Each structure stands twice: as C-alpha cells, then as structure tokens.
Amino acid sequence: MRFGFTEEEQRFRAEVRRTLRTPDIRAAAEAATGADGVEPDARPLYRLLGRTGLLAVHWPVEYGGAGRPATDAAIVAEELVRAGVPDTFHVNSIQIVGQFLLMAGSEEQRRRHLPALARGESFASVLYSEPDAGSDLGALRTAAVPDGTGHRISGTKVFSLKTRFVDLGLCAARTTPDTGPYRGISLFLVDMTAPGVTVSLVPGIGDEHFHRVDLDGVRVSEGDLLGPRDEGWPLLNEALAVERTGLDYHLKAERWLDAALDALTDTAHDISRPDHPDHGEHLERIGRLHGALAADEVLVWEVLDGLAADRIDQLATAVAKYHASELAQSVANWAVDVPTPAQRSARTAAARVLDSAYREAPGLTLSAGTSEIMLRIVAASLDSVSQEGY
Amino acid sequence: MHLHPDPLLTELRTALRAGLSGIGAGTALHGPPVTDGGPGPTRQLLDALGADAFERPVADGGLGLGVTAGVAVSEELGLAAQGNAYRARAWAVELGSSPDAVPADPGAVPGAVPGGGRVEAVAVPGGWELTGTVTVDTVDAPAFLVAAQTGRGPVVLEVERTAPGLGTDDRCLPPVVRLDRSFVAAGAVVAEPGGTAEGALARARLRQAGYLLGIAAGAHRVAVAYTGHRAQFGSRLRDLPPVAFPLARALVRLRATRAAVYRGAWLVDTGAEHEGGTAPAAALATAAETAREVVRVGMQSCGVRAMTAELALQRYHRLAAVEAHRYGDPAALWRLVGAERLREAREARRRSGTGASPA
C-alpha cells in the first residue's frame with residue numbers, strides 16, 4: 001500500500017498550485033464566491049481556468065484534455081478548492097457529466113461536447129430529481145416520446161444547482177412506460193437553450209440556489225440518446241457512483257476546518273493559549289476532526305484509485321460519500337460557533353466562509369444520494385462483504 | 001495513492017488466520033476474556049510463523065515488513081478475540097531490552113498520555129526507588145519494563161521480578177505490578193526522553209490500534225452473521241432498517257478506522273513524517289473509540305443472547321473494555337493531536353502573515 005503521492009504527482013501538484021495562485025485567477029475566484037445568499041456567475045472564472053488547460057487534464061487530447069492519469073485530475077480538483085475556486089461547475093460539468101460522457105457516450109457525443117466543457121466554455125448539469133422522485137429515482141415521470149428521428153421530452157426536474165448558467169443537461173426520462181420502476185428509462189443530453197426548456201430559480205438557504213426545469217415537448221435527436229434506449233437504469237447507477245467519490249465533500253470539510261483554525265488562531269482570540277477558557281474543549285474537537293479527515297482522504301482515494309483503473313466499487317463509493325458528507329456537515333455545524341462576535345462583525349474571511357458553510361451543510365448529506373441511501377447500499381453489502389472487505 | 005494490500009501481508013494474514021482458527025476461544029463469562037501475554041495460547045503459533053522476524057530489519061536478519069506487519073498481526077489476534085502475545089515482545093525489543101522482559105503498558109512512557117497506572121521514581125544513592133502501580137500483559141516474567149516519573153522527566157527502567165517491594169496481581173485484567181519503594185540500580189534505565197522511546201511508542205500505539213480494529217471487526221462479523229439468520233417480525237433481523245442501519249454505520253466506521261491505522265503505519269514505516277507525526281496517536285484514539293462503539297452496536301443488534309455464552313460477542317465486549325483505554329485515554333490522545341494541528345495552523349498563519357488558511 002502507498003498512502004502518499006509519487007514524486008511525479010507531487011511535482012504536478014506544485015505546478016498546478018503555482019498556476020492557480022496567479023493574481024487574475026485569485027481575483028476571479030474571489031469574485032465568483034457567493035456570500036449572504038448572493039450567487040455570482042462563476043463562468044468568467046471557469047473560462048479563465050479553461051485557458052490554463054487544467055479543467056480536464058485526464059481526458060484524452062482529442063477531447064480537450066491533456067491525456068494525464070485520472071489521479072492527476074483528482075489532484076487538480078483538490079488544488080482548485082484549496083485555491084478558493086467554487087467547485088460546483090467543476091464537479092457537475094467535468095467530474096460528473098463530462099466523466100460520464102467519457103465512459104458511456106458515443107464518439108460523436110464526446111467530440112461534440114467534451115472539448116467545450118474542458119475549455120470552460122460550456123457547462124453541464126444533471127437533471128434527475130423530480131418533485132415526486134427524489135431518492136427514489138424509480139418513481140421518475142418525465143417522459144420521452146418517440147418523434148420521428150428523435151424524442152420529445154416532457155416533465156419537471158428540480159433541485160439542481162447552477163442550472164440557469166448551463167448549456168447542457170443530462171436528463172433521465174422514461175422511454176417505455178409501465179415496465180416497472182427501473183425499466184424503460186433512458187438518458188438524454190438536452191440543450192438547455194432549446195425551445196420548451198424553462199429554467200426557474202428555487203431560492204434556498206445556501207449561497208447556491210436550486211432550480212426547477214420544466215421540459216415541454218423538448219426535441220432531442222437520436223444523437224442525444226446516451227447509451228442504449230430503455231437501459232438507462234444501470235447507466236444511471238454508474239453515473240451516480242461516479243458522483244460519489246466523496247472528494248468534493250472531503251475538500252469542503254478540509255476547507256472549513258482550515259477556516260475554523262484560522263479564526264481560532266486570530267491573535268485577538270488565539271485559542272492555542274493554554275489559559276484560554278475553551279482551550280481543552282476545542283483541542284479535543286480539533287484532534288477528532290483532523291483524525292477523521294485523514295481517514296476520510298484514504299476512503300476517497302480508494303474510490304478514485306478504483307475509477308482510475310475503470311473499477312466501480314458500489315460499497316466503497318457509498319462508504320466514501322457517507323463518511324465525507326457526514327464529516328463535512330459535522331465540521332460546519334461545529335465551526336459555525338467558532339468565530340467571535342468581533343470576527344463576525346468585521347466579516348473576516350473565515351467568518352464568511354463558516355457562515356456560508358453552515359447554510360450549505362444540510363445539503364451535503366442529501367445530494368448525490370442521501371446518507372440513508374448510502375447506508376442502504378452498505379447494509380445490502382453485509383451479506384457479501386468478506387473479512388478483507390472490512 | 002495505491003491502496004491495494006501488499007501480497008506478502010495478505011499471505012501472512014492468511015497463515016495467521018488459519019492458525020488462529022485452530023485455537024479455541026474461551027466461553028467463560030467471568031474472569032479474563034483472554035489468556036493474555038507472552039505465554040498465552042497464541043504464542044506457539046506466532047513462534048511457528050517466526051513472528052519475531054516480521055518487523056526486524058532485513059539487515060538484522062528479519063523480514064523488514066515494518067510496523068505494518070505488526071499492525072496486521074495484532075488485528076488478526078483481535079479479530080479472533082485472542083490475547084495479544086505479539087505486542088509486548090515487540091515493544092520490549094524496541095526499547096532495547098531482553099524480549100523476555102514484559103513491558104508495562106506505555107501510559108507513562110516519555111511522550112505518552114496518562115493511562116495504565118503511574119510510578120514515581122525517587123533518586124537514592126546508586127539508583128532509584130520506585131513506587132506505584134502499572135498494568136502489564138502478564139505477571140509471569142523475569143523482569144518488567146516500567147515507565148516512571150523522575151524529577152527530570154519520564155524514563156523507562158527494567159525492574160527485576162525479585163526487586164524488593166515488587167508484588168503482582170493477575171486476578172484483575174489487565175494484571176498489575178505494584179511497586180513499593182522498589183530499588184533499581186541507575187544502570188537499569190533503558191529509555192530516556194528524546195531517545196528511542198518516541199519511535200517505539202509510535203509503533204506500540206499502532207500495534208494496539210490494529211488490535212482494537214480487529215476486536216471491532218470481529219464483533220461486527222459475529223453480529224452480521226447472527227442478525228443474518230435470526231428472524232423477528234417475519235424478517236431477518238438484518239433486513240429491518242433499525243438493525244441494518246447501525247450495522248452499516250459500524251461498517252463505515254470500521255473502514256475509516258482501518259484507513260487511519262494503516263495510514264499511520266505507512267507514515268512510520270516510510271518515514272514520510274517524523275515517527276508518523278500525530279497519526280499513530282490519532283489511529284489509536286480512533287480505534288479505541290471504534291472498538292467500544294462497534295461492540296456496543298453488535299451487542300444491541302443481537303439481543304440478550306449476546307450477553308450469554310451462546311455468542312462470542314460477550315468476549316469482544318469484555319475485551320474492548322480492557323483494551324480501549326489501556327494505552328491512554330482517547331480524549332487525551334485527541335487533545336494531543338488537536339494541539340499539534342493548532343500549532344501547525346498558527347505557524348501557517350504566521351508564515352503567510354495574512355491570516356489566510358493554510359493550503
């Protein structure tokens with residue numbers, strides 16, 4: 001086993017870090033960061049990042065990537081967050097939809113969509129959840145009806161992020177009705193600017209808001225069908241596993257713990273002084289969270305290593321997603337109390353980050369499969385898990 | 001990262017598991033849950049496998065598998081709910097003592113957090129007088145390694161069994177060694193602050209963490225098996241969400257603990273951080289808390305039968321009580337880890353001069 005990175009990986013990380021620390025990227029990242037319920041348009045930042053060639057380094061060159069190993073893509077994802085880049089566009093467009101296109105898309109679909117995503121000129125979102133189909137995607141009602149050489153999609157999708165800014169939607173729809181909850185489902189690539197697509201805002205407590213997407217007879221061609229018709233369910237499960245590396249949640253936990261430590265070591269409030277009244281209590285909590293974070297990183301990389309070798313382990317992904325999202329949420333719930341009234345009043349960077357974190361945190365154990373769904377997957381594995389699986 | 005187990009380690013585990021399956025587990029409900037220490041029933045198996053050579057460097061005729069192998073051995077012993085006949089000898093050898101000397105639990109060793117009793121050393125002409133009580137793996141030994149507080153910090157001393165004022169008691173678990181103004185010569189010091197004890201302590205913590213991980217995994221295995229065939233309300237217990245979810249959460253916790261423990265061992269073995277930094281302490285605290293919690297969940301899932309000889313869970317339950325705090329209170333270990341993380345944050349803040357969080 002090797003719990004660290006190779007020299008080449010460390011060199012690459014240093015290079016990425018240097019690239020992301022340039023003044024223009026720092027300024028764009030700052031401008032793209034939401035606060036107090038205001039969600040800026042992060043696309044200018046991503047166009048800038050696209051020009052660095054870092055957004056999809058593991059994709060083949062012909063699709064806009066650099067042909068680097070998949071583990072390098074995870075290194076980039078880590079460094080983006082550490083540089084203060086809001087990562088939802090990267091997670092949705094590159095790590096989920098782009099990655100899924102790479103795995104299951106046709107050659108034509110890859111060539112049509114991937115280069116623009118890699119350049120930060122096009123953005124994507126998943127359209128799975130519906131008003132009556134949240135965790136239970138088998139209940140989805142959105143229908144795709146054959147229409148000559150393509151389909152017309154009608155239905156309503158809810159609770160996706162960034163959707164009013166995106167160009168492409170990965171949409172699950174029922175193509176053959178009355179065949180059971182998990183049959184007759186297909187996946188489509190939907191042009192979000194097409195006639196019949198209406199995107200409206202569903203304001204939430206976080207700095208990133210939700211969306212409702214109404215699809216009214218939206219025309220998609222046969223070339224927009226992703227994978228075989230009616231066989232979307234297994235693909236959907238693969239796509240969900242790709243979402244569940246836990247990496248994005250892990251990075252939030254790391255960032256928020258760093259922000260809390262930043263607030264705690266402020267000279268006016270330095271908790272590290274042994275005479276500080278909260279010294280011992282905070283030390284124990286910091287120790288626990290730091291220890292959990294180190295273990296969490298290993299769980300996440302176990303999944304990433306598997307994906308790099310084209311292996312999807314449903315148990316490992318459920319474990320990583322559950323652990324990372326629950327950890328990030330517990331960091332946020334503790335850290336919201338860390339900034340002092342003076343730090344809140346001064347709107348220090350740490351105070352702003354931790355306020356935003358607390359409002360975002362409830363969504364972490366709901367998105368990409370709730371914690372309860374993850375536990376169900378883990379529980380289902382108890383029959384087959386071997387001692388080595390522990 | 002590359003997280004596939006080393007094939008040699010897998011082979012070692014397989015051999016151990018096969019051997020351990022032939023060693024009966026006690027079914028007594030009272031008294032020690034295991035026969036602990038050097039002369040315990042697993043010693044013969046460890047000798048047959050040449051376990052003393054696992055961690056020893058290749059240059060010294062060993063296999064050079066590092067503490068990772070010691071962790072794996074300890075985990076397998078815990079998984080089988082056997083005593084840990086491995087750790088004491090490894091700890092003694094690392095402290096530079098004879099392998100026959102039985103070390104007291106390292107609660108008072110330089111750098112350790114309190115646990116396992118406390119001994120005070122008073123300087124007297126020609127040596128020290130020791131007073132206090134410490135826990136050990138076994139009282140059947142020619143000598144004991146005892147960490148004691150002196151006016152200049154903690155030291156580890158080798159105390160002959162025949163030392164004046166030394167008494168033992170193995171009616172309790174862990175067994176204890178009592179010292180009442182027991183004289184030891186100045187030359188009996190085997191480790192001092194800043195010496196070899198630091199690295200030895202890191203490895204000892206990791207072996208104990210491995211053992212606790214094994215105890216937790218073993219209890220989980222029993223609970224999963226039992227709830228997989230016990231039916232209530234017309235369903236397997238494990239198919240009922242109130243039973244399934246805690247067991248699933250326990251599995252997540254086990255995998256996270258495994259990650260923490262083997263990462264710590266890797267850091268120590270590769271020297272990636274000085275003696276693994278705080279990773280060994282974090283691994284031990286994680287494993288101690290996991291063992292107590294997973295065993296508790298197992299007991300709850302299996303009902304009253306878990307409290308009888310019908311299920312081996314009772315053994316894990318009692319073993320976890322003995323072992324979880326043996327190498328120090330987890331809360332104290334966490335404070336140690338937290339203090340170091342806070343120090344790093346303060347240092348990063350000072351270096352950046354901007355108050356920005358460290359990347």
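This is a predicted model: local features need pLDDT of at least 70, side-chain atom pairs count only at pLDDT 80 or more; totals for chains, interfaces and linings use all residues.
A salt bridge here is a side-chain nitrogen of Lys or Arg within 4 Å of a carboxyl oxygen of Asp or Glu. By that rule, eight salt bridges cross the interface of chain B and chain A. One of them pairs the side chains of B:Arg335 and A:Glu284, at 3.4 Å from N to O.

Residues are numbered from 1 along each chain as its sequence is written, chains are lettered from A and ligands numbered from 1 in the order in which they are written, and side-chain values use heavy atoms, with hydrogens and water left out.

Let us stay with the place where the two chains meet. There, 50 residues of chain B are in contact with 53 residues of chain A, contact meaning heavy atoms within 4.5 Å. The area buried between chain B and chain A is about 5,100 Å², and carbon and sulfur atoms give 64% of that. Buried area is the accessible area (1.4 Å probe) that two parts lose on being put together, summed over both. Of the area that chain B buries against chain A, 18% is supplied by B:Met1, B:Leu3 and B:Arg255, more than by any other three residues.

The interface of chain B and chain A also holds eight residue pairs in polar contact, both residues being at pLDDT 80 or more. A polar contact is a pair of N or O atoms within 3.5 Å; within protein, one must be able to donate a hydrogen and the other to accept it, and residues adjacent in sequence count only if both atoms are side-chain atoms. On the side of chain B that touches chain A, the elements giving two or more residues are helix 1 (7-21), helix 5 (197-229), helix 6 (241-270), helix 7 (279-302) and helix 9 (330-352) of chain B. Helices (H or I, at least four residues) and strands (E, at least two) are DSSP runs, numbered from the N terminus. Helix 6 of chain B gives the most to this side, with 16 residues. Sorted by class, the side of chain B that touches chain A has 28 nonpolar, seven polar and 15 charged residues. In this sorting, Ala, Val, Leu, Ile, Met, Phe, Trp, Tyr, Cys and Pro count as nonpolar, Asp, Glu, Lys and Arg as charged, and the others, Gly among them, as polar.

Now look inside chain B. Its domain assignment gives domain 1 (7-94), domain 2 (102-191) and domain 3 (197-352); such bounds come from an automatic or database domain assignment. The C-alpha centres of domain 1 and domain 3 of chain B lie 19 Å apart, and their contact takes 35 residues from domain 1 and 34 residues from domain 3. Together these two domains of chain B bury about 2,700 Å², of which carbon and sulfur atoms give 55%. In domain 1 of chain B, B:Pro33, B:Leu79 and B:Arg87 lose the most area to domain 3 of chain B, together 23% of what that side buries.

Three salt bridges span domain 1 and domain 3 of chain B. B:Arg207 forms a salt bridge with B:Glu55, their closest N and O atoms being 2.9 Å apart. Between domain 1 and domain 3 of chain B there are also 18 residue pairs in polar contact, both at pLDDT 80 or more. Helix 3 (66-79) and helix 4 (87-94) of chain B are the elements that give two or more residues to the side of domain 1 that touches domain 3, and helix 3 of chain B provides the largest share, eleven residues.

Chain A comes last, with 13 helices and eight strands. Its radius of gyration, taken over C-alpha atoms, is 21 Å. The globule rule (2.2 Å times the number of residues to the power 0.38) gives 21 Å for 390 residues, so chain A is as compact as a globular protein of that length. Chain A is divided into domain 1 (7-122), domain 2 (126-236) and domain 3 (244-382). About 1,300 Å² is buried between domain 1 and domain 3 of chain A, with 56% from carbon and sulfur atoms. Four salt bridges are counted between domain 1 and domain 3 of chain A. A:Asp36 forms a salt bridge with A:Arg347, the closest N and O atoms being 2.9 Å apart.
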